[in-house]
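Biologist: Could you put the model up so that we can go through it together?
Modeller: Here it comes.

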Amino acid sequence: MGKVARLLFLGGLGRSGSTLVERLLGELPGVCALGEVVHLWQRDIVDDERCGCGERFSGCPFWTAVGERAFGGWSGVDTERLHALRDSVERTRHIPRLAAAHLPAALRGDVEEYAEHYARLYEAAASVAGAEVVVDSSKHSALAYCLRWSPEIDLRVVHVVRDARGVAYSWTKTVARPEADGAAEMTRYSPTRSALLWTAHNAAFDLLARRGVPVRRLRYEQFLADPRREVRELAAYAGLSVSDADLAFVTADHADLTAGHSAAGNPMRFATGRLALRRDDAWVRALPRAHRRLVGAVCAPMLRAYGYPLTTAQSRQPAQTPQPAATPQIEEA
Ligand SMILES: [Zn+2]
């Protein structure tokens, strides 16, 4: 069986900037940005939330065409079955087994069935959009580990990393979810919890790279330092050649965004028009000192490995040359 879809998978812990990275990639010709596909099966097929284009999922012409091509219509997807599969394979606790050199027989059938849904969806999206590359910003490391076993997916991971203290501050803030048309808010985490998640998720992507999957680490702060150059390099990583004209939408300090068909994710997926690109260092002032120290201590080995300064006095200018490897926090199988 040949590869049917070239996938750029944006991974990392939430609030690390992956939505912005995805939005910029989605402006490139040949790229179709899908949002967080991991949530599509529930929030879109079942709950009929809003697409990035503003339409309800069921009313969006793009997703309607994708569903027809991939599954003969979305009613062809057994969402209960998919939830069960997800529980049995796509969880962080399964990563040590999914990281093995050979997929354990007990997991094989479920992993293949689960990944097959994604492969069909990616192929259909690329076909409907006329794109060479699809971008899935699902972020979950366990999903990337499942997709690595699909013979149909040409998987390339972009591991988006942001300073753990900025991530922790972001997780303490209240963010509304406009797509739910109600009073719904995004999840919040305590600094302790986000520090532990930051370490575990980032370690999982470092381990995935050591398993031979193409993984390119992208520090969000560096991305914002020169977004045009970074978008060009990500395009090359995805196997696309882009011209200067293709990059005209992005400069050093802003990007011009058009509406896309992001299925789910951060509310920033709805933004269109001119968007300022600047580093958000609010956490340096707004994250209480005790929390800053706690997160800094928990995440110290990997912050150092990724080239982040450990004292906030230096935090505005992270080192330019990260050390090569991070400390793995997940057992290798
Ligand atoms: Zn749409």
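**Cavities and a helix pair**

Modeller: The largest cavity has a volume of about 70 Å³, where a cavity is a set of points on a 1 Å grid over the protein atoms alone at which a 1.4 Å probe fits but cannot get out, and a volume is the space filled by probe spheres set on the points, joined across faces, edges and corners. This is a predicted model, in which local features need pLDDT of at least 70 and side-chain atom pairs pLDDT 80 or more, while totals for chains, interfaces and linings use all residues. Residues are numbered from 1 along each chain as its sequence is written, and side-chain values use heavy atoms, leaving out hydrogens and water.

Biologist: Which residues are closest to the centre of the largest cavity?
Modeller: Of the 10 residues lining the largest cavity, with an atom within 4 Å of a point, the closest to its centre are Arg-162, Glu-221, Arg-279, Asp-280 and Asp-281.

Biologist: And how does that lining divide by class?
Modeller: It has 3 nonpolar, 1 polar and 6 charged residues, with Asp, Glu, Lys and Arg counted as charged, Ala, Val, Leu, Ile, Met, Phe, Trp, Tyr, Cys and Pro as nonpolar, and the others, Gly among them, as polar.

Biologist: Switching topic, at what angle do H8 and H9 cross?
Modeller: The axes of H8 (residues 164–172) and H9 (residues 191–210) cross at roughly 135° and come within 9 Å; the axes are lines fitted to C-alpha atoms over the stretch in contact, with angles from 0 to 180 degrees between N-to-C directions, and helices are DSSP runs (H or I, at least four residues) numbered from the N terminus.

Biologist: Which residues of H8 meet H9?
Modeller: Ala-164, Val-167, Ala-168, Trp-171 and Thr-172 in H8 meet Pro-191, Ser-194 and Trp-198 in H9, contact meaning heavy atoms within 4.5 Å. The residues of this contact divide into 6 nonpolar, 2 polar and no charged.

Conventions:
Helices (H or I, at least four residues) and strands (E, at least two) are DSSP runs, numbered from the N terminus. On a 1 Å grid over the protein atoms alone, a cavity is a set of points where a 1.4 Å probe fits but cannot get out, and a pocket is an open set with protein on both sides within 12 Å along at least five of seven lines; lining residues have an atom within 4 Å of a point.
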